[in-house]
There are 2 protein chains.
Amino acid sequence: MIKCVKCNEVDAIAKAGIVRGKQRYHCEHCDYYFTLPLVDAAAEKTPTRKHQTTIIDIARTLQVSKSTVSRALRGHADINPQTRQAILELAKELDYQPNLLAYGLAKNVSLTIGIIVPEFINSFFPYVIIGAQEIANPRGYHILICQSNESHAIEIENTKVLMASRVDGILASLTGETPDVEHFRKFEKAGIPVVYFNRVCDNVNASKVIVDDYEGAFKGVEHLIENGCSKIAHIAGPPNLMISKNRLQGYVNALKKHNLTVDESLIVRTNLTTKSATDCARHLFSMADRPDAVFCLNDPAAISAMLVAKELKIKIPDDVAFVGFSDEPAAALMEPGLTTLAQPTNEIGKTAIGLLFDQMNASRETFEHVTKILQTKLIVRKSSLHGVTKI
Amino acid sequence: MIKCVKCNEVDAIAKAGIVRGKQRYHCEHCDYYFTLPLVDAAAEKTPTRKHQTTIIDIARTLQVSKSTVSRALRGHADINPQTRQAILELAKELDYQPNLLAYGLAKNVSLTIGIIVPEFINSFFPYVIIGAQEIANPRGYHILICQSNESHAIEIENTKVLMASRVDGILASLTGETPDVEHFRKFEKAGIPVVYFNRVCDNVNASKVIVDDYEGAFKGVEHLIENGCSKIAHIAGPPNLMISKNRLQGYVNALKKHNLTVDESLIVRTNLTTKSATDCARHLFSMADRPDAVFCLNDPAAISAMLVAKELKIKIPDDVAFVGFSDEPAAALMEPGLTTLAQPTNEIGKTAIGLLFDQMNASRETFEHVTKILQTKLIVRKSSLHGVTKI
DNA sequence: ACCGGTTCCGAAAGCGTTCCCGATAGATCA
DNA sequence: TGATCTATCGGGAACGCTTTCGGAACCGGT
């Protein structure tokens, strides 16, 4: 029980910070400040964390300087092979793991790559991340995954975290809300390279890895037309993303090529949430003159739409055919299987982090941003075979 | 062009390390070592990374000491409100982000939690991770995800990385290969808490978060029996994992309760890969007296098995009924839908990291490990309704 | 015997924080 | 009018590592 040294009050004592290792109190009764030693400091703060072996521990037991230990561990020249051997052996015996925090502080690196994705529930981003890890891990880098949850605000928060973590480079795929990449400017200023993949804005001066969305969409829609669909709707994505624009353009041009009219009322936009995609589908299927096919921005949207169709007892593909984008594993499991455009997910991850490493190693002046465009592949399943059963 | 200072050779010059800021060369022609200053050091090493604002920058422009800046930023007492105000404003203006490496080094923490999962392609682990993040992020912690890829060797490697990163705590779900948790001992020695979830070994002295696997399996198998199945096979998991044992036991006891014989030949083991699960299914369906139901360790295995059944034109659920475990989103999309036992994934993540934080804040002596057992829920879909269409 | 060169190593600065201590000026009290 | 307190701040060590620099010991050649 703490008593006020002035008025002996015990109930109106509030803590007022810790100063010079002593607890400062404030008696709200007589408005008097006073300090008392932290007798139970050990009980309050429990430094349960123990010491982990450091370079200095090794140096001491081997009677050498820490410089020498560092040299041995880092494989530098300028060291006697026997000394090195002894140090390496002791390090192994003690299971020494260098403190990456200290290493990073000294070298001004962190050996981590930040990666910002909108979500990782669907398989697309996990596969990309795995591809990136397969390149990064052997090089001694690890990956800090941030999830923006399709929220621009969280994405901004993520950039701050990655900035504070002093990541050496960033892979980013934007949310459907992200209007610009202002919040990434700080990385540019700090000389930290950013490579965008999959979800990119236009007018961004950075390296990018995308797939040929235009051509993929074109192939997908043309495939629907060839299967006898003539009234093809499109569930498009948010207008800020290039994938939305390019896939929409592919859709439009495929229609035009085959002399089908482009009906604006058949183009609806999802904000990439399940609910939004479901709403889009409901809207399309409630139209008086229902479309006979839907080309969807991505597989999750297509799956949501197919579920709506099933619920409404609309036959797939006889009444409405579907084509998605990405070849999620679930696309193959649906009944009927969802026709979709496969993306080389693993290669996207590898290519993106490859570009990132290129930029990290390049000198700022000579480096030129590049955009790599990978190819999609049409995977035909039953969902799109509109004419087959009809004929 | 580098010339040998002895023989003037230019083509046989090899670099031999950098010593005292000078490049050391070796002429392989006359076997002579020599050093030359690094005239183009700037061009070779491109320190493209720029300076990021530090506490010292703020201190200098405001003519105060770095201690004062630190105090202001950390919200300590012992500082003039006006001084604090000025510092906070300048920090915001400069978009100051504290260097977490330096912070961690000074405080002997890293503000990161390591999480080791066998994979994150299926949705189970991503959902758990998201649950963990929802607790960790608001507390200022971020999460370093390591993927063991169902490999014990990689899992060991992961523990080293997390050790080097000086994570403050660990969430782990073991691989199907992991025989023991020896490689986690070092965390215990270092006073870094580990909480296991989902995939745990027995004889581990640590906090754990699991679901009631026994009861879930029991419910699932009993459900099959109630639907008229009498020859129920089980695709079990690796014997090292508790989930395998408990789900197997639930399967066995459900059979016993209903006076069904436990046929060892109907119990096959998957190593948790798709291929292995597929092989298991093929084996079961090639038996002379084919089972009329399969209870599978988890949904990915169940889905693989269902695909084999479909390929063999075995009708689901009329010929063979299925029950899985986990309620993967794909389970609902299959045709017929996969009956399964839903796990509270988000809650698992939240509970696990909650236990972790408890242990991080507790004093070593008083802390007691706890095991939290969460409940499963049977989600009935068509895959298990064996008797319904038969009758 | 001297000298240039090589080999190996230790000392020390620095990375950006935190935090403990001591210092100072002003306020308050007896 | 000292003496004690208070409010505020600066100095500097420490965290574990890298890296530069200088120096001692030793080598072979003249």
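View 1. A:Ala236 belongs to strand 9 (residues 232–236) of chain A; helices (H or I, at least four residues) and strands (E, at least two) are DSSP runs numbered from the N terminus. When neighbours within four places in sequence are set aside, A:Ala236 is in contact with A:Ile267, A:Val268, A:Arg269, A:Thr270 and A:Leu297, where contact means heavy atoms within 4.5 Å. The C-alpha atom of A:Ala236 is separated by 9.4 Å from that of A:Ala277, a residue 41 places away along the chain.

This is a predicted model, in which local features need pLDDT of at least 70 and side-chain atom pairs count only at pLDDT 80 or more, whereas totals for chains, interfaces and linings use all residues. Residues are numbered from 1 along each chain as its sequence is written, chains are lettered from A and ligands numbered from 1 in the order in which they are written, and side-chain values use heavy atoms, with hydrogens and water left out.

View 2. In chain A, 4 strands form an open sheet in the order 10-9-11-12, with parallel pairing; two strands pair if DSSP finds at least two bridges between them. Strand 10 (267–269) and strand 12 (321–323) of chain A each have a single partner strand and stand at the edges, so one side of each is left without a neighbour in the sheet. From one strand to the next the twist averages 20 degrees. Strand 9 of chain A is joined to strand 11 (residues 293–296) of chain A by 4 bridges, and the two run parallel; A:His234 has A:Phe295 in strand 11 of chain A as its bridge partner.

**View 3. Helices on the sheet of chain A.** Helix 9 (residues 213–226) of chain A lies across strand 9, strand 11 and strand 12 of chain A and runs at about 170 degrees to strand 11 of chain A; angles run from 0 to 180 degrees between N-to-C directions, and axes are lines fitted to C-alpha atoms, for helices over the stretch in contact. Helix 10 (residues 242–257) of chain A also packs on the sheet, where it touches strand 9, strand 10 and strand 11 of chain A, and its direction makes about 170 degrees with that of strand 9 of chain A.

**View 4. Helix 11 against helix 12 in chain A.** The axes of helix 11 (residues 274–285) of chain A and helix 12 (residues 299–311) of chain A come within 8 Å and cross at roughly 45 degrees. That angle makes helix 11 of chain A oblique to helix 12 of chain A, given that angles under 35 degrees count as roughly parallel, over 145 as roughly antiparallel, 65 to 115 as roughly perpendicular and the rest as oblique. Among the residues that meet are A:Ala277 and A:Phe285 in helix 11 of chain A, and A:Ala305 and A:Val308 in helix 12 of chain A. By class, this contact has 7 nonpolar, 3 polar and 2 charged residues; Ala, Val, Leu, Ile, Met, Phe, Trp, Tyr, Cys and Pro count as nonpolar, Asp, Glu, Lys and Arg as charged, and the others, Gly among them, as polar.
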